[in-house]
Amino acid sequence: MDWNRVEGNWKQVKGKVKEQWGKLTDDDLDVINGKREQLEGKIQERYGYAKDQTKKDIDDWYGRQGW
């Protein structure tokens with residue numbers, strides 16, 4: 001998985017992230033700034049997911065983006 005695409009295009013990608021994980025605030029998205037570890041942490045915090053579940057959800061979401 002090439003997460004660099006997400007980091008490099010964060011301004012465009014964060015709208016798609018917000019669609020998938022609507023509990024994330026705009027402030028959360030600014031803090032995340034394309035960093036996968038930050039995204040994982042915020043999703044765990046907002047949704048109460050386990051780390052393994054969060055990683056799987058992000059991988060699944062990323063795979064559906066068609067990049």
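**View 1. The largest nonpolar core of the predicted model has 14 residues.** Those with the most contacts inside this core are Trp3, Trp10, Val17, Trp21, Leu24, Leu39 and Trp61, where a nonpolar core is a set of buried Ala, Val, Leu, Ile, Met, Phe, Trp, Tyr and Cys residues joined through side-chain atoms within 4.5 Å. Two or more residues are given to the core by each of helix H2 (10-20), helix H3 (26-32), helix H4 (36-47) and helix H5 (51-64); helices are DSSP runs (H or I, at least four residues) numbered from the N terminus. Buried stands for under 20% relative accessible area, exposed for over 50%, and partly exposed for values in between, with a 1.4 Å probe and protein chains only. This is a predicted model, in which local features need pLDDT of at least 70 and side-chain atom pairs count only at pLDDT 80 or more, while totals for chains, interfaces and linings use all residues. Residues are numbered from 1 along each chain as its sequence is written, and side-chain values use heavy atoms, with hydrogens and water left out.

**View 2. Tryptophan 10 is in contact with residues that include Asn33.** Leaving aside neighbours within four places in sequence, tryptophan 10 contacts Val17, Leu29, Ile32, Asn33 and Gly34, contact being heavy atoms within 4.5 Å. Asparagine 33 itself is placed in the loop between H3 and H4, and it counts as partly exposed at 43% relative accessibility. Most residues other than glycine have a negative phi. Asparagine 33, although not a glycine, has a positive phi of about 50°.

**View 3. Helices H4 and H5 cross at roughly 120°, with axes that come within 10 Å.** The axes are lines fitted to C-alpha atoms, for helices over the stretch in contact, and angles run from 0 to 180 degrees between N-to-C directions. H4 and H5 are therefore oblique to each other, given that angles under 35 degrees count as roughly parallel, over 145 as roughly antiparallel, 65 to 115 as roughly perpendicular and the rest as oblique. The contact is made by Arg36, Leu39, Glu40, Ile43 and Gln44 of H4 together with Lys51, Thr54, Lys55, Ile58 and Asp59 of H5; by class, these residues divide into three nonpolar, two polar and five charged.

**View 4. Glutamate 40 and arginine 36 are charged residues of helix H4.** Glutamate 40 is buried, with a relative accessible area of 6%, and, not counting residues up to four places away in sequence, it touches Thr54, Lys55 and Ile58.

**View 5. Aspartate 28 lies in helix H3 and counts as buried at 4% relative accessibility.** Leaving aside neighbours within four places in sequence, aspartate 28 is in contact with Lys23, Lys42 and Arg46.
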